[in-house]
Amino acid sequence: MSKRSRLISYMSRNRERLSPLLIMPHDYPDPDAIASAFALRFLASEVFGIRSTIAHGGVVGRPENRAMVDALRIRMQTLTPGHFNRFASFALLDTQPGFGNNSLPARYTPSIIIDQHEALGSHDADFVHIDNTAGATSVLLAQALLATEEPIPSKLATALVYGILSDTLNLSRAGSKTDIDTYLTLLPHADVRALARIQHPRRTRESLATLGRGIHNASIVDKTIVSHLGSVENPDVISQVADMLLSCEGMRVAFTTGRYKKRLHLSLRLATRFRSAAKLLRHVVEDQQSAGGHGRIAGGAVPLDGRVTGVRWRHLETTLTNRLVRSLGGDPKRFRQGALRQ
Ligand SMILES: [Mn+2]
C-alpha cells in the first residue's frame, strides 16, 4: 500500500467484527451514494473478505440512476425492518446519523460513516470520514480504493466516475484539485460506452411531462427562480428540474418542490457560493434534520401532517417559498408567474 488510507487500515483490522456489513446509501440514492456503496462493497467483499450487502430506503427513480444500476449490475436491496437484526455492523454513505434522509434507526450506531456533507454534530461511529471539501462522497471512496493498489474493475470505475460527474454537475461544481485528479485517475479504467448509456437514458413520458411542468410552472422574483411540480412519480426529478432552471440567464437561486407520499420534497441550487445552500434550506424549513446539502446544493423534505388536501399542499409550498425569498432579501409579492412561457 503506497498511500495511507485510514479506511483501509480500519477495515483490515476489523474484518471479523464488521462481517456481515450492511451498506446503506441515503434513501432515494443518487449516483454518488450508489457509487460510494458499490465501492465499499468491493472493498469489503473482494479486498477484505467481509460479507456485505447494499440496501437502501426509498426507490431508485431517476432514469439515469436506474440505467446506472442496470448497466453496472449493482446489486441493491430495498431496506426492510428485518435487515437490521441480520447484520453485525452498518455503514452510512453520503449521509449521517441524524440526517432525515436515511433509514438507519436511531438505536443503531453505524460502524462506518463516510460523507461529504457538513456534520451537524459529532458521531459515535468507530470510523468517521467527513470531508465537506470533497465534491462527491465517491471521491473519498475512490481515494481509499486507489490506496489499495488493487486493480479497479471497470464497472466500479464507471460508477465512481459517474458519481463524481453527477454530484459536481460535470465537474463544474468540483470542490478541489483532488476531485479532478481522482476523476482523471479513474477515467482510463471506466467503460465510456456504458457511461454514455447512463448519461442518455430512455425516459418515460411521465418524466418528460414532469420536466415540462417544471418549466411551465416556473416563476421568478429578482434572481430567484421557483417551480412547484405538484405530485411527482419519484422525488429525484425535483433536483433535476432545479439544476435545469438554474441554467436560466441571470438566475442566482433555483428552488423546486414536489409532492410525494405526504411529504413536500425540496431542492435548492445556488449559482455561486454566496451562501451555504444547506444553512439556507434549514432556515427555510425551520428544522435542522429535514434538510442538508453541500456547497451550492441542498435538499430536504417536509411532512404534510394531518389531512392531505390541495389547499394544504399549496399553503406549504407558498410558506416555504416566501420564507426563502424573504431570507434572500426579496419580496414574494413581486413574483412573476409563468416566467418561462412565451
Ligand atoms: Mn453526494
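This is a predicted model: local features need pLDDT of at least 70, side-chain atom pairs count only at pLDDT 80 or more; totals for chains, interfaces and linings use all residues.
As background, most residues other than glycine have a negative phi, and most peptide bonds are trans.

## Backbone details

Leucine 169 is found in the loop between H6 and H7, and its phi is near 45 degrees, a positive value in a residue other than glycine. Aspartate 222 is found in the loop between strand E7 (219–221) and strand E8 (224–231); this residue is not a glycine either, yet has a positive phi of about 50 degrees. How exposed are they? Leucine 169 counts as partly exposed because its relative accessibility is 34%, and aspartate 222 is partly exposed with a relative accessible area of 41%.

| Residue | Phi | 
|---|---|
| Leucine 169 | near 45 degrees |
| Aspartate 222 | about 50 degrees |
| Glycine 295 | about 55 degrees |

## The manganese site

Which residues donate to the manganese ion? The protein donors are Asp32 (OD), Asp94 (OD), Asp94 (OD), Gln116 (OE1) and Asp167 (OD), and they lie 2.1 to 2.8 Å from the ion. Along the sequence, the donor residues follow the spacing D-x61-D-x21-Q-x50-D. Distant parts of the chain are linked here: aspartate 32 sits in helix H3 (residues 31–47), while glutamine 116 belongs to the loop between strand E5 (112–115) and strand E6 (127–130), 84 residues apart. Both aspartate 32 and glutamine 116 are buried.

## The parallel sheet and its helices

Next comes an open sheet of six strands, paired in parallel and ordered E3-E2-E1-E4-E5-E6. Its edge strands are E3 (77–78) and E6, each of which pairs on one side only. At the E3 end, strand E2 (residues 52–56) pairs with E3 in the parallel sense over two bridges, and histidine 56 stands opposite threonine 78 in E3.

Helix H1 (residues 6–13) packs on this sheet, where it touches E5 and E6, and its direction makes about 165 degrees with that of E6. Helix H3 lies across strand E1 (21–25), E2 and strand E4 (89–93), running at about 165 degrees to E1.

## Nonpolar cores

The largest nonpolar core has 54 residues, and those touching the most other members are Leu7, Met11, Leu40, Met68 and Ile74. H3 gives the most to this core, with nine residues. A second, separate core of 24 residues includes Val226, Leu266, Leu320 and Phe335.

What does leucine 7 touch, leaving aside its neighbours within four places in sequence? This residue is in contact with Leu40, Leu43, Ile114, Phe127, Leu141 and Ala144.

## Helix H7

In helix H7 (residues 177–186), the residues Asp179, Thr182, Tyr183 and Leu186 are buried. They are on the same side of H7, because they cover an arc of only 100 degrees around the axis. As for partners, the buried residues of H7 pack against helix H5 (137–148) and helix H6 (154–167).

## The E11–E12 hairpin

Strands E11 and E12 pair in the antiparallel sense over four bridges. They form a hairpin with two residues between them, and glycine 295 in the turn has a positive phi of about 55 degrees. Both faces of strand E11 (residues 291–294) are covered: Ala291 and Gly293 are buried on one side, and Gly292 and His294 are buried on the other.

Is isoleucine 297 buried or exposed? Its relative accessibility is 10%, so isoleucine 297 counts as buried. This residue lies in strand E12 (residues 297–303). Leaving aside neighbours within four places in sequence, isoleucine 297 is in contact with Arg173, Leu268, Arg269 and Ala277. For a sense of scale, the C-alpha atoms of isoleucine 297 and valine 59 are separated by 21 Å, with the two residues 238 places apart along the chain.

Conventions:
Residues are numbered from 1 along each chain as its sequence is written. Side-chain values use heavy atoms; hydrogens and water are left out. Donors are N, O and S atoms within 2.8 Å of the metal (3.2 Å for Na, K and Ca); water is not among the atoms, so sites may look incomplete. Buried means under 20% relative accessible area, exposed over 50%, partly exposed in between (1.4 Å probe, protein chains only). The arc is that of the directions from the helix axis to the C-beta atoms. Contact means heavy atoms within 4.5 Å. Two strands pair if DSSP finds at least two bridges between them. Axes are lines fitted to C-alpha atoms, for helices over the stretch in contact, and angles run from 0 to 180 degrees between N-to-C directions. A nonpolar core is a set of buried Ala, Val, Leu, Ile, Met, Phe, Trp, Tyr and Cys residues joined through side-chain atoms within 4.5 Å.
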